[in-house]
Structures are given as structure tokens and as C-alpha cells.
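Dear colleague,

I am handing over the structure below for you to look at alongside your own work. After it you will find my notes on what was found there.

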Amino acid sequence: MSNNLLQQKQKILVIDDHETVLKGTIYALKEHYPEAEIRTAQTAQQLLEQLPSFKPDLVVMDLSIPDKVGEHDKSDVGIQLLKTLMQQHPTLNFTVQSSYMKALVRIKPTIDAHQGGFTVADKSLSTKEMLKRVDWALQGLTYTKDLKAMHSGLEIKQDWLTLLQLAFEEELQDKEIAKRMLVSDRTVRHYWTKVQDVLDVYPDEGKKNIRIQTEKRAREAGLID
């Protein structure tokens, strides 16, 4: 798509709960796309309410957002929202603008399968570079090079993510985890060995607590908050 076409009236929906960041993003987008119709949301609920009638060409979104007004922002909310939007709108274009990009590893298979444009832009990037990523997304291009470099070789299954969330965010023991996941105790132990292998966490002759090491590596990799 040429730059002239990109200057034609576009519909862009921006979601970020930090008002200063939101204003800065809107200002940059209006300067770059003077004809564009731009709307904003500060919660997942607000975005979902606007999406059906607005029908945006592009969603620019932060990952750490609240679900509803008055609630705390959490990357899990943004991740789940993004996953839902990609499944329900397979050709919608996205630019993820966040300072916590590594959390995207949790939905990497969904990103890889998405048919619309998908670009990532760390909030530390210059405005010029951020707008370039937005242009690419509007053209239907994919740019996740930064994410791939960050998580090269890291392949995580949803069951393993659920295990980590139940263990370290809900602080459940393995027996309760098995009940919640509707699997056997043996399967839970199997999941632990798999996720620890992926995270390069192995027994250290009793010198270190392997469960604590797993939690530390999982947080470093962005698998849990």
C-alpha cells in the first residue's frame, strides 16, 4: 500500500490506561494521519463496546490495561483481550505498543496464525519508529522480530502457562492444580518437567529450590507477571 493510500481516512482505535501516554500517541497519529478517525479506550470493556460499531482498520494497544474502570491494570487482561480479538477478527490489524512486550510469548501461536497486520513497538522507541510500525500494520505486514529475538527457541503450551499461573499467582499446591486443570497428579508432574526443561531449570544437587528457580525464570521470560 502506498503512503498516499495510508493518508486516506483510516479508522484507528487506541487503548491505553495512562492518560499521558494516550494523549502522546493520539497526537502523533493525528499528525501522521490527519484524515484518520481516531477513537480511544482506557479499559478492555470500553474497547469491546466500541469495536462492533466503529469497525477500526487498526487497533493500537498497550498490554497492561484494566478490564473495567476502577480496576488495576494487568498484562493478563491485555493478553486475553488481544487473543480474543485475533480469534474473533482474524484480519484486523494490530500494533502492540507496550513496555512489557515479552508477555506476548504467552500467545505466540495465536500471533503466528493471525492473518491481519501485526507489529510490536516498545514504548521506548522514537515516535518516528513507532509510526513506521503502525504503517506496516495498516499494510497488513507482520513485524515481531524483537519478540522472536527475545524468546528464540521458547515454545510454551497453554497447559504449561495455566500450571504456572495456578502455582505462582494463585499459590495452589499440585493436588489442587490437578483438580482445577481436570488432570491427574502425574500429568501435573509431567507439566512441571516440561516447563522446567524449556526454562533451563534443572536439579542442582539440592543446592537450590527448583520450584523457586522455576518461578524466577518464568517471570524473567514474561510467562507470569
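**Notes on the model**

In helix 6 (residues 127-138), the buried residues are Met130, Leu131, Arg133, Val134, Asp135, Ala137 and Leu138, where buried means under 20% relative accessible area, exposed over 50% and partly exposed in between, with a 1.4 Å probe and protein chains only. The end C-alpha atoms of helix 6 are 16 Å apart, which agrees with the 16 Å that its twelve residues should span at 1.5 Å a residue, the expected span being 1.5 Å times one less than the number of residues. Gly140, which follows helix 6, has a positive phi near 80°.

Before the rest, please note that this is a predicted model, in which local features need pLDDT of at least 70 and side-chain atom pairs count only at pLDDT 80 or more, while totals for chains, interfaces and linings use all residues. Residues are numbered from 1 along each chain as its sequence is written, and side-chain values use heavy atoms, with hydrogens and water left out.

The protein has eleven helices and six strands, counted as DSSP runs numbered from the N terminus (helices H or I with at least four residues, strands E with at least two). Of its 225 residues, 44% count as buried, and the C-alpha trace spans about 60 × 35 × 30 Å along its principal axes.

The six strands form an open sheet in the order 2-1-3-4-5-6, with parallel pairing; two strands are taken to pair if DSSP finds at least two bridges between them. Strand 2 (37-41) and strand 6 (142-143) stand at the edges with a single partner strand each, so one side of each has no neighbour in the sheet.

Strand 4 (residues 93-98) is largely enclosed by the rest of the structure, because six of its six residues are buried. On one side these are Asn93, Thr95 and Gln97, and on the other Phe94, Val96 and Ser98, so that both faces are covered. Strand 4 pairs in the parallel sense with strand 3 (residues 58-61) over four bridges, and Met61 has Val96 as its bridge partner there. Strand 4 also pairs in the parallel sense with strand 5 (residues 118-122), over five bridges, with Ala121 as the bridge partner of Gln97 and Phe118 standing opposite Phe94.

Strand 3, helix 4 (residues 75-88) and strand 4 make up a right-handed β-α-β unit, right-handed meaning that, with the strands pointing away from the viewer, the path from the first strand over the helix to the second runs clockwise. Helix 4 lies across strand 1, strand 3, strand 4 and strand 5, and runs at about 170° to strand 4; the axes are lines fitted to C-alpha atoms, for helices over the stretch in contact, and angles run from 0 to 180 degrees between N-to-C directions.

Asp62 is found in the loop between strand 3 and helix 4, and UniProt, in an unreviewed entry, places the feature "modified residue: 4-aspartylphosphate" at this residue. Such annotations may be inferred rather than shown by experiment. In the model Asp62 is buried, with a relative accessible area of 3%. Leaving aside neighbours within four places in sequence, Asp62 is in contact (heavy atoms within 4.5 Å) with Ile15, Asp16, Asp17, Gln97, Ser98 and Lys123.

With kind regards
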